[in-house]
Amino acid sequence: MSMQKCGLFYTTYAREDGLFPSKFQKICLALFFAVLLVCPQFLDSYVMSILNLILIAVIGAVSLNLLTGVCGQMSLGHGAFVGVGAYGAAVLSNMGVPFFLALLGGGAVAAMVGMIFGIPSLRLKGIYLAISTLAAQLILEYVFLHAGSVTGGANGLPVDAPEIMGYSFDTDSKIFYLILLVTVLCVLVVTNVIRTRPGRAFVAIRDYHQSAENVGVNLFAFKLQAFGLSSFLAGIAGGLWAHYTMYITPEQFSMGLSISYLAMIIIGGMGSVLGSIFGAIFITLLPEMLNLLTTSLGGIAPDLSAIIVPMKEGVFGLMLVLFLIFEPEGLARKWRLTKAYWKLYPFAY
């Protein structure tokens, strides 16, 4: 493989199918992770908390994109599955189970719950399946609130900071490395699942379920697999959230969280792992940017700042509508176009 003025050329199919086909990509990725690893040494706790929230959001967005963007199964209950993982991991951790086992246990519980609510996907499609998952969201919210003996009810549930071999990850900077490791593993899992036989079956179901069934794809089995794997990763995100915040309440896993994850994959790009990452970064940073804007305007133009503050939710919805109208394929398409431009620069062919 070599880099030419007109693009990339491959000599084998295996090299063409690689995750990072060029040395330039590998070098850029290595530099990116090197910067991430040294970030905690130079950034304050506020910025580190935002980075931690972004990484957790990346796991949730990637898991939902696997179900909705890759397999075509609409879900409005993803926030509730994150909550199941959070409560599952919290309960196990409070029982003395080691952190990673508690995290996997929370993911397993979320996967089982997700597969149960995924059973109607055999008969329901589109908006009807979305309403079914919305029912799951409402049911699980009720369980979080009223199963006080397990979840703590409205009072919430305290969670200890993660501890591995006696080392406690009790600060934003310390837990950042732990969250980064889990996030990278989850992104790699989803990326490689899409390249496998089940991943190709997911895409076939999304494109046209009847054709997929005609060529031998077991719709029910693969839809349940999609719900199970997506919910498992959502549970992992919830477990990280529980150990990071060290206190969880039912309000944290409301319908608003499900809508936020859906907005992430729409803005980032449906069916794209990289788009999920872009969407998670965008949606997580948007409120922070609006807060920064209102704070800056507060000293200059208090009247204008007072107008912008109640419009934050409106700005969120406006951004979603604008992306649906002007860039329905999301930020991932913009990234592809940018790469294609510089790959061919200064030629237009």
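Student: What volume does the largest pocket have?
Tutor: About 2100 Å³. This is a predicted model, where local features need pLDDT of at least 70, side-chain atom pairs count only at pLDDT 80 or more, and totals for chains, interfaces and linings use all residues. Residues are numbered from 1 along each chain as its sequence is written, and side-chain values use heavy atoms, with hydrogens and water left out.

Student: And what counts as a pocket?
Tutor: On a 1 Å grid over the protein atoms alone, an open set of points where a 1.4 Å probe fits, with protein on both sides within 12 Å along at least five of seven lines. Lining residues have an atom within 4 Å of a point. Points are joined across faces, edges and corners, and the volume is the space filled by probe spheres set on them.

Student: Which residues lie nearest the centre of the largest pocket?
Tutor: Phe20, Leu274, Ile277, Trp335 and Lys339, out of 49 lining residues. The lining divides into 33 nonpolar, 9 polar and 7 charged. Here Ala, Val, Leu, Ile, Met, Phe, Trp, Tyr, Cys and Pro are nonpolar, Asp, Glu, Lys and Arg are charged, and the others, Gly among them, are polar.

Student: Which helices supply at least two residues of that lining?
Tutor: H2 (23-42), H3 (45-70), H8 (172-194), H13 (273-300) and H16 (330-344). Helices are DSSP runs (H or I, at least four residues), numbered from the N terminus.

Student: What about the second largest pocket?
Tutor: That one holds about 610 Å³. It has 23 lining residues, with Leu257, Ser260, Ile283, Thr284 and Pro287 nearest its centre. H13 gives the largest share, 7 residues.

Student: Switching topic. Where is Ser75, and is it buried or exposed?
Tutor: Ser75 sits in the loop between H3 and H4 (78-94). It counts as buried because its relative accessibility is 1%; the cut-off is under 20% relative accessible area, with a 1.4 Å probe and protein chains only.

Student: What does Ser75 touch?
Tutor: Leu64, Leu67, Thr68, Phe81, Thr133 and Leu262, leaving out residues up to four places away in sequence. Contact means heavy atoms within 4.5 Å. A polar atom of the Ser75 side chain also lies 3.4 Å from the backbone nitrogen of Gly77.

Student: Last one: which residues touch the most other members of the largest nonpolar core?
Tutor: Leu140, Phe202, Leu240 and Ile248, in a core of 80 residues. H3 gives the largest share, 14 residues. Such a core is a set of buried Ala, Val, Leu, Ile, Met, Phe, Trp, Tyr and Cys residues joined through side-chain atoms within 4.5 Å.

Methods:
Buried < 20%, exposed > 50% of the residue type's maximum accessible area, 1.4 Å probe, protein only. Polar contact = N/O pair within 3.5 Å; in protein donor to acceptor, adjacent residues only side chain to side chain.
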